[in-house]
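User: I would like to go through this structure with you, starting with a single residue and then its surroundings. Could you take my questions in turn?

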Amino acid sequence: MTAEQATRRLDVVSLGESMLRLSVPTGARLDAAQSLDLAIGGAEGNVCVALARLGRRTGWVGRLPDHALGTAVLRAYRADGVDVSAARRVPNERLGTYFIEYASQPRAISVIYDRADSAAAHMPVDDIDWD
């Protein structure tokens, strides 16, 4: 390990929107669902989680609502070893969601996004500590 690597705090930092993923079991239809499975989604967070599981030091930067769903996102990332210390919490905003139907052939997977006016959609440049 070089001296630069030893002093560097993180290997990878991502910036993006984390969302709540709501899905039905494979083959089930969203329009007939009586219940949904809940998970945390979002490409940038998923990359951090995957790299952290491979032993890299990762950090996720984003903006989340200051309520239970925002807490769930942070808890999930922390559990996988992702540094979320730069995440911003804001009151009275919402977490983006998406609904997914894992279809069986010949149907394609169906995804419905509900991200308008989410906390991440309102993230200004000055929410981020660029240093």
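User: Which residues does Glu17 touch, leaving aside those up to four places away in sequence?

Analyst: In this predicted model, Glu17 touches Gly41, Gly42, Glu44, Gly96, Arg115, Ser118 and Ala120, not counting residues up to four places away in sequence.

User: Where does Glu17 lie?

Analyst: Glu17 lies in the loop between β1 (12-15) and β2 (19-24).

User: And is Glu17 buried or exposed?

Analyst: Glu17 has a relative accessible area of 12%. The residue therefore counts as buried, as that value is under 20%.

User: What joins the side chains of Glu17 and Arg115?

Analyst: A polar contact of 2.9 Å joins those two side chains. The side chain of Glu17 is also joined to that of Ser118, by a polar contact of 2.7 Å.

User: Turning to the sheet, what is the strand order?

Analyst: The order is β3-β2-β8-β9, with 4 strands forming an open sheet of mixed pairing. At the edges are β3 (37-41) and β9 (110-114), each of which pairs on one side only. From one strand to the next, the twist averages 25°.

User: In which sense do β2 and β8 pair?

Analyst: Strand β2 pairs with β8 (residues 97-101) in the parallel sense, over 5 bridges. Opposite Glu101 in β8 stands Val24.

User: Which strands does helix α3 lie across?

Analyst: Helix α3, residues 68-79, lies across β2 and β3. The helix runs at about 65° to β3.

Conventions
Residues numbered from 1 in each chain as written. Predicted model: local features only at pLDDT ≥ 70, side-chain atom pairs only at ≥ 80, totals over all residues. Heavy atoms only, no water. Helix = DSSP H or I, 4+ residues; strand = E, 2+ residues; numbered from the N terminus. Buried < 20%, exposed > 50% of the residue type's maximum accessible area, 1.4 Å probe, protein only. Polar contact = N/O pair within 3.5 Å; in protein donor to acceptor, adjacent residues only side chain to side chain. Contact = heavy atoms within 4.5 Å. Pairing = 2+ DSSP bridges. Axes fitted to C-alpha atoms, helices over the stretch in contact; angles between N-to-C directions.
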